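Have a look first, then read on.

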Amino acid sequence: MSGRNRASPRKRPRQERAKATVELILEAAAHVLVSSGYEGTTTKQVAERAGVSIGSLYQYFPSKEALVAMLVERLHQRVLGILADKLVPRPISDLAQEVRELVRALVDVYGVNPELQRVLLEQAPRIGPLQVVQEIEARVEFLVQGVLSQNLEFERPRNLSLVVFIIIRALRSAVWAAVVERPELIGTPELVEELSALVLGYLRPRARDPERPKP
């Protein structure tokens, strides 16, 4: 079985009972990954923790890589859910405050169960790129670009799509590094302020006159 197939779920649950079983399995996987680490985790341990047979687990997840992949996918779905609520195209009167709120929301997502996040982020390269994660990131980029296009003017011509790409990757890398290397920073005002300064310093925006029509 290829690495990509090992990291893909065998099937998605459709019935409520099946969905409940998958939830039990994923909750158990999260617990075992935190307590035993990735190398020490086995599908047998996860099945026992979930109270299901190993056969039931394999109906949905062919390997522990597939379990990690699903937990990574859900992490990104939470990020999208939170940012989608905030990234509604509209006039923004205080860009700096808006950036701080977005950065704080992003840090807060990764601050939930940081021990699990650390395992997931460390193992992300092992499972390889996930199409659903790439689709979620593309959606986040689209939302950010929509907000910035309505509220920013630059001193020089810039490729807004590239600007957004760089901002998102820089933020993601910095937050992931904090989770893995400096978990004590997660949830601190200092981290939010420094990341916000990073974004605003890179943007170097010129405030748009709300009365001036968009070119």
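The contact, meaning heavy atoms within 4.5 Å, involves Leu-24, Ile-25, Ala-28, Ala-29, His-31, Val-32, Ser-36 and Gly-40 of α2, plus Gln-45, Val-46, Arg-49 and Ala-50 of α3. By class that's 7 nonpolar, 4 polar and 1 charged residues, with Asp, Glu, Lys and Arg counted as charged, Ala, Val, Leu, Ile, Met, Phe, Trp, Tyr, Cys and Pro as nonpolar, and the others, Gly among them, as polar.

Keep in mind that this is a predicted model, where local features need pLDDT of at least 70, side-chain atom pairs count only at 80 or more, and totals for chains, interfaces and linings use all residues. Residues are numbered from 1 along each chain as its sequence is written, and side-chain values use heavy atoms, leaving out hydrogens and water.

The other pair, α5 and α6, also has a right-handed crossing. Its contact residues divide into 9 nonpolar, no polar and 4 charged.

| Pair | Angle | Axis distance |
|---|---|---|
| α2 (residues 16-40) and α3 (residues 43-50) | about 140° | 8 Å |
| α5 (residues 64-86) and α6 (residues 95-111) | about 155° | 10 Å |

Angles over 145 degrees count as roughly antiparallel, which makes α5 roughly antiparallel to α6.

As for confidence, mean pLDDT (the predictor's per-residue confidence, from 0 to 100) is 84 for the protein.

Conventions. Axes are lines fitted to C-alpha atoms, for helices over the stretch in contact, and angles run from 0 to 180 degrees between N-to-C directions. Helices (H or I, at least four residues) and strands (E, at least two) are DSSP runs, numbered from the N terminus. Angles under 35 degrees count as roughly parallel, over 145 as roughly antiparallel, 65 to 115 as roughly perpendicular and the rest as oblique. A crossing is left-handed if the near helix is turned anticlockwise from the far one by less than a right angle, and right-handed if clockwise.
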